[in-house]
Amino acid sequence: MWTEVLIAVAAAIAAALIGWPLVPLLLSLTQTGPGSRPERTGSEDVEVLRGGMWVGIVERALIAGAIVLGRPELMAVVVAVKGLGRFAEIKSSAAAGERFIIGTFVSIALSSLIGVIGWAVIA
């Protein structure tokens with residue numbers, strides 16, 4: 001039992017740390033290319049989804065740990081809580097909604113992959 005918990009904790013830490021630079025990198029790629037916004041002039045509101053980095057770190061850790069422990073249904077709870085917490089920001093800003101969706105999908109994919117690897121180690 002303690003081995004499973006240690007693997008779950010290791011997977012949670014790995015998901016949080018690997019996603020920390022990866023998710024912002026992928027989000028930065030959405031700022032260029034067709035359909036992108038014009039360059040910033042300095043007058044725009046820079047704070048889109050403030051605190052998102054920490055929310056993402058916790059999200060990835062919880063999802064990876066839940067999968068390792070055989071409770072993937074907890075992903076729905078994590079995403080629901082995250083969505084409810086950000087609802088007002090997402091509703092008021094198309095940019096915030098886009099960042100939320102892309103960041104959430106990348107976080108879920110990454111943490112699921114790491115969680116499944118940890119689950120396979122246990123099995």
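Which residues does Ala11 touch, not counting residues up to four places away in sequence? They are Ala64, Val68 and Ile114. This is a predicted model.

**The nonpolar core**
- Ala11 belongs to the largest nonpolar core, which has seven residues.
- H1 gives the largest share, with three residues.
- In soluble globular proteins, nonpolar side chains tend to be buried together.

**The nonpolar surface patch**
- Nonpolar residues also form a patch on the surface, with about 1000 Å² of accessible area together.
- Its members are Met1, Trp2, Val5, Val9, Ile13, Leu17, Trp20, Met53 and Trp54.
- Helix H1 (2–29) and helix H2 (52–68) each provide at least two residues of the patch.
- H1 gives the most, with six residues.
- Ile13, one of the patch residues, sits in helix H1.

**A buried lysine**
- Lys82 lies in helix H3, which covers residues 74–92.
- Lys82 counts as buried because its relative accessibility is 15%, and the cut-off for buried is under 20%.
- Leaving aside neighbours within four places in sequence, Lys82 is in contact with Val55, Glu59, Phe100 and Thr104.

Notes: Residues are numbered from 1 along each chain as its sequence is written. This is a predicted model: local features need pLDDT of at least 70, side-chain atom pairs count only at pLDDT 80 or more; totals for chains, interfaces and linings use all residues. Side-chain values use heavy atoms; hydrogens and water are left out. Patches are made of residues with over 30% relative accessible area and no salt bridge: like charges are joined within 9 Å, nonpolar side chains (Val, Leu, Ile, Met, Phe, Trp, Tyr) within 5 Å. Accessible areas come from the Shrake-Rupley method with a 1.4 Å probe; for residues, only the protein chains shown count as cover. A salt bridge is a side-chain nitrogen of Lys or Arg within 4 Å of a carboxyl oxygen of Asp or Glu. Helices (H or I, at least four residues) and strands (E, at least two) are DSSP runs, numbered from the N terminus. A nonpolar core is a set of buried Ala, Val, Leu, Ile, Met, Phe, Trp, Tyr and Cys residues joined through side-chain atoms within 4.5 Å. Buried means under 20% relative accessible area, exposed over 50%, partly exposed in between (1.4 Å probe, protein chains only). Contact means heavy atoms within 4.5 Å.
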